[in-house]
Amino acid sequence: MTKPPRKTSQPLLRDTETPIRSRPRKPRDPAQPQLPFDPMPDRIEPCLALLKPKPPSGPDWMFEVKWDGYRVAVHIRPDDVRIITRGGHDWTDRFPAIAAAARKLGVGTAILDGEAVLLDAQGRSDFGALQRSLGGRGGKKASSEAILYAFDLLYFDGHDLTRMELSGRRHLLEDLIDDSDGAIRISQEVEADGAALLAAACAHGLEGITAKHRDSAYRSGRLGDWLKIKCVQSDSCVVVGYEPSATAGGGIGSLLLAAYRDDRLVYVGSVGTGFKERDALDLRRMLDGLKTKRPPVAVDKKGVVFAQPTLIAEIVYRGWTDDSKLRHASYKGLRDVQDNAAIFRLGE
C-alpha cells in the first residue's frame with residue numbers, strides 16, 4: 001500500500017499575500033573584510049622577460065628602463081619583511097635600506113616585484129658596483145647603498161593580484177609608493193615610442209628597455225608577456241681559466257670562457273677588458289684556488305692556467321664569429337649562483 005505524502009512543517013507557498021522572505025541576515029562586522037583573504041604565498045616564481053631584437057609597437061605595450069641588478073621580491077607582513085632573490089634565497093640582511101623602507105610603507109601585507117640596484121653618478125644601474133658592495137661573488141656583506149626599483153605588485157592587503165591585468169597592478173603600486181628619492185622607488189612607465197626610447201637609452205649608456213603587455217596577468221616564466229631589448233648583447237659564460245700576464249694589473253691577461261652546446265661546455269673565446277685591477281686580483285685569487293691540470297674544454301692556446309668550471313661571468317659583446325667565438329667581449333662582473341644565472345647555450 002502506498003504511503004500518503006509526508007506533510008511538511010511549512011507549506012512551500014503560503015496562501016497569503018505576504019511576500020516570501022529569507023532568514024534575516026546578521027549585520028556584517030565592520031572589522032571584517034568584505035572579501036575573503038587569499039593566503040600570502042611564501043614565494044612566487046618571477047615573470048621573466050623574453051629577449052627580442054627590437055621593441056614592439058602599439059598601445060597595448062608599456063615601456064620601462066631595464067635595470068641591471070638583482071631581481072628580488074619584497075614580502076611585507078605586519079611584523080615581518082623578507083627580501084627573496086630570484087633563486088629563492090633570503091637576502092633581507094644584505095639589503096638593509098630596502099628592508100627599512102619596506103617597513104615604513106604603511107601597508108599590512110604586500111609583495112613587491114623589482115630590481116635591487118646600485119646607481120652610479122649619472123643615475124645608471126651599475127651591476128659591478130652592486131656586486132662589489134655585497135662582497136663580490138659568494139660575499140656576505142650588506143649593501144646599505146642598494147635601492148629597489150619596484151615594477152609590479154603581486155599581493156596587496158590580503159589579496160592575490162597575479163590574475164589582475166598589469167595596468168591595474170601598476171595603478172595600485174603607484175598609489176603605494178610615492179618616494180622618488182628613497183630606498184624604494186617606482187620604475188617609471190615611459191610614454192614614448194619603443195624604438196625612440198631604445199635609441200635614447202643606448203645613447204645614455206643604459207643596458208636597454210623592457211616592454212610589458214598592459215592587459216597581461218602575472219605569469220611565472222619566460223612566456224612573452226614581458227620583453228627585454230638590449231643596447232648591447234650580454235650573457236653569462238663559465239670561466240674555465242686565464243692567460244697570465246706579467247704586465248697586466250692583477251696578473252691576468254684574459255679570462256677563458258665557455259658556454260654550453262647541448263649538454264657539454266665548449267670554448268667561446270676570451271675577454272681581456274672590463275675588469276679593474278682590484279677585479280683582476282680577486283679573480284686571480286679565486287681561479288688559483290680552482291686550478292686543474294685537466295682542461296674543462298679544448299683550448300688551442302699555450303701557457304694558460306685552467307680552472308674548474310665554477311665561476312660564472314657576465315660578458316657584454318657585439319656578436320659572434322663564424323666559428324662561435326665572442327666578438328669584442330668585455331667583462332662585466334661575476335654572477336652569483338644564488339642569482340640563478342643561466343649559462344649561455346649556443347644555438348638558442
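**Figure 1. Overview of the predicted chain.** The chain has five helices and 18 strands, where helices (H or I, at least four residues) and strands (E, at least two) are DSSP runs, numbered from the N terminus. This is a predicted model, in which local features need pLDDT of at least 70 and side-chain atom pairs count only at pLDDT 80 or more, while totals for chains, interfaces and linings use all residues. Residues are numbered from 1 along each chain as its sequence is written, and side-chain values use heavy atoms, with hydrogens and water left out. Of the 348 residues of the chain, 45% count as buried; here buried means under 20% relative accessible area, exposed means over 50%, and partly exposed lies in between (1.4 Å probe, protein chains only). The chain exposes about 19700 Å², of which carbon and sulfur atoms supply 49%, with areas taken from the Shrake-Rupley method and a 1.4 Å probe, and, for residues, only the protein chains shown counting as cover. Among contacts (heavy atoms within 4.5 Å) between residues at least 6 apart in sequence, 67% join residues at least 24 apart.

**Figure 2. An open sheet of four strands, in the order β1-β10-β9-β2.** The pairing in this sheet is mixed, and two strands are said to pair if DSSP finds at least two bridges between them. The edge strands, each of which pairs on one side only, are β1 (50-51) and β2 (61-65). Strand β9 (residues 208-213) and strand β10 (residues 226-230) run antiparallel and are joined by five bridges, with I209 having I229 in β10 as its bridge partner.

**Figure 3. Helices α3 and α4 against the sheet.** Helix α4 (residues 194-203) packs on the sheet and touches β2, β9 and β10, and its direction makes about 155° with that of β9. Helix α3 (residues 166-176) lies across β2, β9 and β10 and runs at about 45° to β2; for these angles, axes are lines fitted to C-alpha atoms, for helices over the stretch in contact, and the angles run from 0 to 180 degrees between N-to-C directions. The buried residues of α3 are L166, G168, R169, R170, L173 and L176. These buried residues pack against β2, β5 (110-117), β6 (147-156), β8 (184-186), β9 and β10.

**Figure 4. Strand β11 and its antiparallel partners.** Strand β11 (233-244) is mostly covered, as nine of its 12 residues are buried. Six bridges join β11 to β15, which runs antiparallel to it, and the bridge partner of C237 in β15 is A313. Strand β12 (residues 252-261) is likewise antiparallel to β11 and is joined to it by six bridges, with V239 having L257 as its bridge partner in β12. Two bridges join β11 to strand β14 (residues 305-306), again in an antiparallel arrangement, and here G241 stands opposite F306.

Figure 5. The largest pocket has a volume of about 1100 Å³. On a 1 Å grid over the protein atoms alone, a pocket is an open set of points with protein on both sides within 12 Å along at least five of seven lines, a cavity is a set of points where a 1.4 Å probe fits but cannot get out, and lining residues have an atom within 4 Å of a point. Grid points are joined across faces, edges and corners, and a volume is the space filled by probe spheres set on the points. The pocket is lined by 40 residues, of which A49, R86, R222, K228 and K230 lie nearest its centre. At least two residues of this lining come from each of β1, β2, β9, β10, β11 and β15 (312-317).

**Figure 6. The largest cavity.** The structure holds one cavity of 30 Å³ or more, and the largest cavity has a volume of about 90 Å³. Of the 13 residues that line the largest cavity, I44, P46, A73, I84 and T85 are the closest to its centre. The elements that give two or more residues to this lining are β3 (70-77) and β4 (80-85), and β3 provides the largest share, three residues.

**Figure 7. Two residues with positive phi.** Most residues other than glycine have a negative phi. S324, although not a glycine, has a positive phi of about 65°; S324 is found in the loop between β16 (319-320) and β17 (326-327) and, at 22% relative accessibility, counts as partly exposed. H328 has a positive phi near 50° and is found in the loop between β17 and β18 (330-335), where H328 is exposed, with a relative accessible area of 59%.
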